[in-house]
Amino acid sequence: MNRTTTEPQPVATAAAGPGDGELVHLDPDYGEPRELGYDATVPRGLVHRNAVSEVFATDSRQTAENTFEVAAQLPRGHVMLETPAYDLPLLLEACRQTGVLISHRHLDVPMDRAFIMRGMSLHVGDLDGLRQGPEPARAMVRTEADLYRNRAGRLRGYDFRGDVFINGAEVAKATGALIFVSRPAYQALRTKGRDALDWSAAAAPRPVPAPPAVVGRRDPRNVVITDPVQRGDHGWRATVVPDHGHPHLFDHPLDHLPGNLLIEAARQVAVAAAARSAGLDPATLVPVSVEASFSSFCENDLPSTVEADLAPFRSDERFGPVVGVDVRVNQQGTTNSTFRIEVAQWA
């Protein structure tokens, strides 16, 4: 089981209406087609966000028994967006919101359930398609869900595969794995996990974040690790530096480090390690794929380290030289999550 959750927020029953989107889709009963709307976002509780400004999803449709399409508008002024191209955090967030939205709106998962993300992946196929245009991008995630139920027939979770489109062109493929648990079951799970940890050590001092340029960032608010240090020939190590006031990474209070923060920590150590190992400018390095697996919760109040091991550079016909980086997030000697990130150089 993965251990990064997404917390439900209060939600109104109203849903966004059809807008002036250009993509045509069928009703669940294969009735008259209609366009996905981009005029307004869905209620924030349906995607487990507290701030309306953090809601990307605008509409959704069920096109067959287990297939869905979700529309989203990608903002141009988001705190995590520092380049002229839409970056990993925004694409992953659009995919996360897709999974949560179809769960509540189309699969009748109750709002009081805790969502646990066991894993996610994103594989970019078209870097040029990620460039920002003169207007906010119209994204659409076309996804298929493999449902699994308990003996009573109740939905326990699902795996999904999705194709990500921006302004009508496919730019990436994504996967995810979600399970749903009741609030009492979630609390019991968290209590059992925390009881197994050593809380005798005094609170660790807050480490100093790396200079933004080292990890391919510009805004100091978005730096989530210390300056990586080399270990061995191909290994690098840093400490996670969470900012619990960050408007995106901590949109609402959580009792653990969220998955999007851990993915960003993995991305930053991968970029810094690749840059230093090959003498490259971190600002030119972009992740073209990430595969994330979460095995246990990463606690807010214990130190976390992130370790990266680089593979040799290889040639990719789409992106040129690409390096694979295996990353682990550890806490008290236990690996909580693992990542495989491929980084390419892109002007």
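## Basis of the model

Residues are numbered from 1 along each chain as its sequence is written, and side-chain values use heavy atoms, with hydrogens and water left out. Because the model is predicted, local features need pLDDT of at least 70 and side-chain atom pairs count only at pLDDT 80 or more, while totals for chains, interfaces and linings use all residues.

## Overall make-up

The chain contains three helices and 15 strands; helices (H or I, at least four residues) and strands (E, at least two) are DSSP runs, numbered from the N terminus. Of its 347 residues, 54% count as buried. Here buried means under 20% relative accessible area, exposed means over 50%, and partly exposed lies in between (1.4 Å probe, protein chains only).

The accessible surface of the chain is about 15,000 Å², and carbon and sulfur atoms account for 52% of it. Accessible areas come from the Shrake-Rupley method with a 1.4 Å probe, and for residues only the protein chains shown count as cover. Among contacts between residues at least 6 apart in sequence, 67% join residues at least 24 apart, where contact means heavy atoms within 4.5 Å.

## The loop residue D251

D251 is found in the loop between β11 (235-239) and α3 (259-278). The residue is buried, with a relative accessible area of 10%. Not counting residues up to four places away in sequence, D251 touches H48, R49, N50, A51, E54 and H246.

Two backbone nitrogens face polar atoms of the D251 side chain: that of N50 at 2.5 Å and that of A51 at 3.0 Å. A polar contact is a pair of N or O atoms within 3.5 Å; within protein, one must be able to donate a hydrogen and the other to accept it, and residues adjacent in sequence count only if both atoms are side-chain atoms.

## Residues with positive phi

Most residues other than glycine have a negative phi. H48, which is among the residues touched by D251, has a positive phi of about 60° although it is not a glycine. H48 is found in the loop between β3 (34-35) and β4 (57-64) and is buried, with a relative accessible area of 0%.

Q332 also is not a glycine, and its phi is positive, near 50°. Q332 lies in the loop between β14 (320-331) and β15 (334-345). Its relative accessibility is 42%, so Q332 counts as partly exposed.

## Buried residues in strands and a loop

A177 belongs to strand β9 (residues 169-181) and is buried at a relative accessible area of 11%. Its contacts, leaving aside residues up to four places away in sequence, are I116, M117, R118, G119, Y158, D159 and F160. R161 is 16 residues from A177 along the chain, and their C-alpha atoms are separated by 9.1 Å.

I166 lies in strand β8 (residues 155-166) and is buried, with a relative accessible area of 4%. The C-alpha atoms of I166 and A137 are 6.3 Å apart, although 29 residues separate the two along the chain. L36, in the loop between β3 and β4, is buried with a relative accessible area of 0%; its C-alpha is 7.5 Å from that of R61, which is 25 residues away in sequence.

## Pocket and cavities

The largest pocket holds about 390 Å³ of space. Of the 21 residues that line the largest pocket, T83, P84, A283, L285 and W346 are the closest to its centre. The lining has twelve nonpolar, three polar and six charged residues. In this classification, Ala, Val, Leu, Ile, Met, Phe, Trp, Tyr, Cys and Pro count as nonpolar, Asp, Glu, Lys and Arg as charged, and the others, Gly among them, as polar. On a 1 Å grid over the protein atoms alone, a cavity is a set of points where a 1.4 Å probe fits but cannot get out, and a pocket is an open set with protein on both sides within 12 Å along at least five of seven lines; lining residues have an atom within 4 Å of a point. Grid points are joined across faces, edges and corners, and a volume is the space filled by probe spheres set on the points.

A search of the whole structure finds two cavities of 30 Å³ or more. The second largest cavity has a volume of about 40 Å³, and its lining consists of Y86, D87, L88, L91, L122, V124, L130, V286 and P287. The elements that give two or more residues to this lining are α1 (88-105), β6 (114-124) and β12 (285-294). By class, the lining of the second largest cavity has eight nonpolar, no polar and one charged residues.
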